[in-house]
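Q: I am new to this structure and would like to walk through it with you. Could we begin once it is on display?

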Amino acid sequence: MNSVRVHAVESSNLVCREGYEKLMRIVSQAKEDHQLFVLSPLTHDDLELTSLLAYAKARDERLWSVQEQRFGRWTTLIEELLDLSAAQKVLERIKQGFADIEDLLRSVWLVEEISSGVERYLEKVCNSWVADLLCHIASSKGLIADLCDYDSVLTMQEFRHQILFVYGQLPQAEGFKAKEGLSEYAASSLAGALDADGVTFWNNTSLLKNADSLEVPSALVIRSLSYAEATELSFFGAPVIHPQSLLPAITRSIAVQLRWWGDENDAGTLVSKDGDGEEQSRVKGFSIIHNVALINVEGAGMSGVIGIASRLFSAMREASISVILISQASSEYSICFAVPEQEMEKACATARMEFSHELENRMIQSIEGEGGLAILAAVGKRMTGQAGVAGKFFSSLGKASVNVIAIAQGSSETNISAVIKGQDTKKALRALHARFFLSKQALSVGLIGPGSIGGTLLGQIAKESIRLKEQFGLDIHIRGIANSRTMILDQDGIDPANWKDRFASESVPMDLDLFTRHIGATYFPHSLIIDCTTSSALAELYASWMEMGIHVITPNKKAGTAPMAYYDHLFDTCLRTGRRFLYETTVGAGLPVIWTLKDLVQTGDRVHRIEGIVSGTLAWLFSSYDASMPFSTLVREAMEMGYTEPDPRDDLSGMDVGRKTVILARELGYRVEVADIPIQSLVPAGLEMGSVQQFLDQLELLDPLIEAEYRKAQSLNHRLRYVGVVDEEGKCSASLRSFPLDHPFAQAQGTDNVICFTTDRYYSQPLVIKGPGAGREVTAGGVFSDILRLAAYLGARI
């Protein structure tokens, strides 16, 4: 016999043009010579026939109109999908079938009873029509196709057809409920009987994933399973594996492909005897049984008494109560077992009746039940003999604050089960999924301030995230975005490519505590908050975030220039918690100023002096000013180009340069406060207060001062620049100064920042860093660089 594959497929998927076209594509891509499709009983509301029986039994006069509607729907379907000659043949069969069915319905009407044989007959007739329809469609495509009932297939000596549609009464395994998994079990049985090359189960739910997608949206498709793993997952409620449907294939060691009808191009999950031995993950998946109750039988009199467990579970069996999980202490002081929650009271009553004597004599102190629970199971054949898997499992639950009520593990070690509160299932699954399946460098990231810099950063992450994950193992999950008024949170990640649309439509009022707790979720390997605001209030929270285990990256200068008491506390917290505070962009935007200075100090170089043009705004103003136009006009032009802050006094006051100078001084170990350093303000006296517009209306008062300074510098053949200085004694200043034409400061153009380090190593020729010191792209790029530095610290291959 040539190669054969057996498919289990829902008939309802095939009674439309899209469905049969998909079926034809599946056949065209198949590797085997023959494809057998076992059709499940039709459940299509407009086409199925078994519901007519209920009308007949109730002697409901609507029966005849509903029957006519069904006939009309079948007629329309056939005429839509088949050409005229083929449709005529099928329609004749259907007309005769409805005539026979009418006689049957009249019989039910008379006796007011429905036998199981009648229902099965209608299912068989319905599916034979579906099979006939598909045969004609396949033949019109040039394929050799036929239909056959299930029992007849078993007697075939060989197959002459490319496609065979199997219908009729299908075998049903003991314990199946209604028609659940009927076609899968039948396909598996048929594959075993025919010694097929493989069997495929097509389900309408989803691909098989390592956790429930509703609770863990980032769950991954499981590509391979052993029979043992698949059986464990099916028992624990995996939605695409019906219990016992694999048994016939397991008996004959036939590989089973679990696929989703919604995506014909995805190969799904291969279930075989040994699974994929090369797959790295020791745990294949997690599954949950919801609505569970735990019965605890406790008493000192049970210790050493033979037969207690036997009596307990025999009583449960006789009461038809399904026991899902059993756990017993080695001291034999207690036995607990799990049952479906709806059977809790019955199970307790049964156990109390069985042990009434022991309860009366205080040999057993209590038999109590607790509902509202769930069983969480980790499944994986490679867990066997591997040290540390159970430790990771339970430590992850503990870290996520999930209380484990009972534990069970089989001697095969392919399953670790824990009973937990039903309300904790979501966070438990997410914690385990993150621990076992996310990269060790997975970052839970929250961004505050998605404005010019923050929004640009999100765009840069969107472009590079896939490459960073594939090449370096860095997995960035933007789990929260917030401004001062609103926020958006997502358990598994906001796509940084379309965050604006989601933020506009899904954002909720800002709750900073909720935002912080969400980003700091303990089930993620690492957490990071990026503060792209200028808020002093947020800067005061950095230490508390680090106490929660959250790293901090920011271009906000407020923390680095806060009072020394908080500054010391912030860096002490860094050392104590091991969390990183990265702030490269607080000086020089994207230029490597902070890290260069750190490298100089940490390698033993002595820094004598730092001088710098560190304000991109003032750099542009003074490199552009030549007295041909008033300085006030140039300020207004800079505002229009977005070079200044919304209030240009924030730049002209020199405070920005002063703060950056203090940050550099503190890197050298000097205890400097912003309030203690001389800062030359360019804002005319009397204009420090008031509205922005009031300031702009009198901006021309600045022109004589700047022109006078410019003429003075020009007379010396110098250039005017606003510079911050840290001298050898740690004294800082920020002021307007002039420099000769050959000085690096005099040669700066546009928004260039220029920083000069005079050190023991760079004494006669200072070390100069020069480049764009303003602009959202370079600043966002500097923040992105800090993210990569953090990732490298966390172990990424960067």
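Q: Which residue in S23 is the bridge partner of glutamate 611?
A: The bridge partner of glutamate 611 in S23 is valine 725. Please note that this is a predicted model, in which local features need pLDDT of at least 70 and side-chain atom pairs count only at pLDDT 80 or more, while totals for chains, interfaces and linings use all residues. Residues are numbered from 1 along each chain as its sequence is written, and side-chain values use heavy atoms, with hydrogens and water left out.

Q: How many bridges join S22 to S23?
A: Three bridges join strand S22 (residues 607-613) to strand S23 (residues 718-726), and the two run antiparallel. Strands here are DSSP runs of E with at least two residues, helices are runs of H or I with at least four, and both are numbered from the N terminus. Two strands pair if DSSP finds at least two bridges between them.

Q: What is the strand order of the sheet they belong to?
A: The order is S24-S23-S22-S25-S26, an open sheet of five strands with antiparallel pairing. Strand S24 (732-740) and strand S26 (767-772) each have a single partner strand, so one side of each is left without a neighbour in the sheet. On average, neighbouring strands are turned by 25° against each other, direction ignored.

Q: Which helix packs on that sheet?
A: Helix H21 (residues 593-602) does, touching S22, strand S25 (752-759) and S26. Contact means heavy atoms within 4.5 Å. The direction of H21 makes about 5° with that of S25; axes are lines fitted to C-alpha atoms, for helices over the stretch in contact, and angles run from 0 to 180 degrees between N-to-C directions.

Q: Back to glutamate 611: with which residue does it form a salt bridge?
A: Its partner is arginine 737, with the closest N and O atoms 3.4 Å apart. A salt bridge is a side-chain nitrogen of Lys or Arg within 4 Å of a carboxyl oxygen of Asp or Glu. Glutamate 611 is in strand S22 and arginine 737 in strand S24, so this pair links parts of the chain 126 residues apart.

Q: Is glutamate 611 buried or exposed?
A: Glutamate 611 is buried, at 11% relative accessible area, whereas arginine 737 counts as partly exposed at 27%. Buried means under 20% relative accessible area, exposed over 50%, and partly exposed in between (1.4 Å probe, protein chains only).

Q: What does arginine 761 form a salt bridge with?
A: Arginine 761 pairs with aspartate 605, the closest N and O atoms being 4.0 Å apart. Arginine 761 is in the loop between S25 and S26 and aspartate 605 in the loop between H21 and S22, 156 residues apart. Aspartate 605 is buried at 7%, and arginine 761 is partly exposed at 48%.

Q: How many salt bridges are found in the whole structure?
A: A search finds 33 salt bridges. One of them joins the side chains of glutamate 48 and arginine 70 (3.4 Å, N to O). Glutamate 48 lies in the loop between strand S2 (34-39) and helix H2 (51-57) and arginine 70 in helix H3 (residues 62-81), so the pair ties together parts 22 residues apart in sequence. Both residues are buried.

Q: Changing topic, what is the order of the seven-strand sheet?
A: This open sheet runs S18-S17-S16-S15-S19-S20-S21, with mixed pairing. Strand S18 (508-509) and strand S21 (581-582) are its edge strands, each pairing on one side only. Strand S20 (residues 550-553) and S21 pair in the parallel sense over two bridges, and the bridge partner of isoleucine 553 in S21 is leucine 582.

Q: Where does helix H17 lie?
A: Helix H17 (residues 512-519) lies across strand S15 (441-448), strand S16 (474-482), S17, strand S19 (526-531) and S20, running at about 165° to S15.

Q: And what does leucine 489 touch?
A: Leucine 489, found in strand S17 (residues 486-489), touches Arg479, Gly480, Leu514, Phe515 and His518, not counting residues up to four places away in sequence. Leucine 489 is partly exposed, with a relative accessible area of 26%.
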